[in-house]
Amino acid sequence: MENTAERKKIVLSAIQPTGTPTLGNYLGALKNWKNMSKDYDCLYAVADLHSLTVRPEPQALRRQTLEMYAILLALGLDPEENIVFIQSHVPQHAQLAWILNCSTQFGEAARMTQFKDKSEKHPENVNVGLFTYPVLMAADILLYQADYVPIGADQKQHLEITRDIAERFNTVYGNTFKLPEPFIGKVGARVMSLQDPMQKMSKSDPNPKGFISMLDEDNVIVKKIKSAVTDSEAKVRYAEGKDGINNLMGIYSCCTGLSYEQIEKDFDGKGYGDFKQAVAEAVVCELRPFKEEFKRLMADKAYLLECAELGAEKAAHLAQRTLSKAMKKTGLFML
Ligand code: TYM
C-alpha cells in the first residue's frame, strides 16, 4: 500500500456483525466491496465496536464476529491483497474517535436520522454510544485517509457528517484528513423489505419473509421471493406506486446486469409468477458460490484467525500514522 509511484485510491468500508447479512447488505454494499477490491487498495472491517450499541449477548457477538469475518472472505476478498480486519483489534479506531468527539457538535450528532430511529425503536437503551456512533464511523474512515466508501443509501448521512468532522478538524488544526466520497451504486443502494416495500430490507425485521439472508437455503430464497408483495396491475414495469415490483426489478437488475428497460421488454406479456421465478433463480445463482465458500471457511477456524491477525496488524500500521498525526496537531504530549 505504501510507496507505489502511482498510488491506488483507498477504499474503506465496514459492516456490523449483528446477524447474517441480508440480500440488502449484499447488493447495497458487499457486492461493490468485492468489485472494487481489484482496482483499489481496500480495507474492510467487521464493525464489532458499533454492535455494542445494541448490547448483543456476548457469546453471540463473539460467534457472529467470526462468522462475519468468514462471510467477507467468502465474498472472494483476498486477505493478502486486501486488508480484512476486525475493528476492535485495532485500538486506534477508539482513540481517534475520542479526538473526533471533541470536533463534533452535539447538535449535528443529534440530527442523525439513524440515531433518532434507533432511539425511538429502543427507548429502553438510548446509550451514549448510539449517539456518538457516527463519530466512531468517521474515525474508521479517516484513519485510513480513504478516498471512497462503498455503502448503501442508508449510510449516506453518516458519510456527510464524516466529511463535516474532517473539514472542521482540518480548519482548526491544519490539513490532516482526506475528505472521503461515498460510493453508492445506481441500483441496489436501497433494497426494500419483500413484505413491506416501503421499508428497508433489514436483518432485524421480526418477519423473516421480509428479508433474504445471504445464507438462506435455495428453497427458502425461492419461497420468500414467491411470497413477495406486488400489486394488481400484473405488468412488469418500473413506475411510481409499484414499490414491490420496483424492488424486485432492482434485485433482478443487480444480479443479472440487465437494465430496467431490458427487463420490461423480456417480461412483456408475462405475469408476475414468471418474473418472480426468474428473480428467485437469479438470486439463488448469485449467492450459491458464496454460500459454498462460507461453509468451507467456517470449517477452517485456524485459517480465519490467521487472516484476522494479519489484517489487524496491517490495518494498525496504517492507522497509527494518521492517529499520531492527529495527536500531534491537537497538542497531545507525545513521547
Ligand atoms: P450495516 O452493518 O447496517 O450495513 C452494512 C452495509 O449494508 C448496507 N445496507 C443496505 N444496502 C442496501 N439496501 C439495504 N436494505 C441495506 N441494508 C444495509 C449499509 O448501507 C452498509 O453499507 N454503520 C455501518 C457500519 C460501519 C461503516 C463504517 C460503514 C461502521 N463503520 C465505516 C462504512 C464505513 C452500518 O451499520 O452498516
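**Helix packing and ligand surroundings**

Visitor: Which hand does the crossing of α10 and α12 have?
Guide: The crossing of α10 and α12 is left-handed. Bear in mind that this is a predicted model.

Visitor: At what angle do the axes of α10 and α12 cross?
Guide: At roughly 40°, with the axes of α10 (residues 243-256) and α12 coming within 9 Å. The two helices are therefore oblique to each other.

Visitor: Which residues make the contact?
Guide: From α10, Ile245, Leu248, Met249, Ile251, Tyr252, Cys255 and Thr256; from α12, Tyr272, Phe275, Lys276, Ala278, Val279, Ala282, Val283 and Glu286. By class, 12 are nonpolar, one is polar and two are charged.

Visitor: And α3 against α12, how do they cross?
Guide: The axes of α3 (residues 58-74) and α12 (residues 272-298) cross at roughly 130° and come within 9 Å. That makes α3 oblique to α12. The crossing is right-handed.

Visitor: Which residues meet there?
Guide: Glu67, Ala70, Ile71, Leu73 and Ala74 in α3 meet Phe290, Glu293, Phe294, Leu297 and Met298 in α12. This contact of α3 with α12 has eight nonpolar and two charged residues, and no polar ones.

Visitor: Switching to the ligand. Which residues come nearest?
Guide: Gln16, Tyr133, Asp140, Asp154 and Val191, out of 26 residues around the ligand.

Visitor: What does Tyr133 do with the ligand oxygen?
Guide: A polar side-chain atom of Tyr133 lies 2.6 Å from an oxygen atom of the ligand.

Visitor: Which residues lie by a ligand nitrogen?
Guide: Val191 places a backbone N or O atom 2.8 Å from a nitrogen atom of the ligand. For Gln155, an N or O atom in the side chain is 3.2 Å from a ligand nitrogen.

Terms used: Residues are numbered from 1 along each chain as its sequence is written. This is a predicted model: local features need pLDDT of at least 70, side-chain atom pairs count only at pLDDT 80 or more; totals for chains, interfaces and linings use all residues. Side-chain values use heavy atoms; hydrogens and water are left out. Axes are lines fitted to C-alpha atoms, for helices over the stretch in contact, and angles run from 0 to 180 degrees between N-to-C directions. Helices (H or I, at least four residues) and strands (E, at least two) are DSSP runs, numbered from the N terminus. Angles under 35 degrees count as roughly parallel, over 145 as roughly antiparallel, 65 to 115 as roughly perpendicular and the rest as oblique. A crossing is left-handed if the near helix is turned anticlockwise from the far one by less than a right angle, and right-handed if clockwise. Contact means heavy atoms within 4.5 Å. Ala, Val, Leu, Ile, Met, Phe, Trp, Tyr, Cys and Pro count as nonpolar, Asp, Glu, Lys and Arg as charged, and the others, Gly among them, as polar. A residue is near a molecule or strand if one of its heavy atoms lies within 4 Å of it. A polar contact is a pair of N or O atoms within 3.5 Å; within protein, one must be able to donate a hydrogen and the other to accept it, and residues adjacent in sequence count only if both atoms are side-chain atoms.
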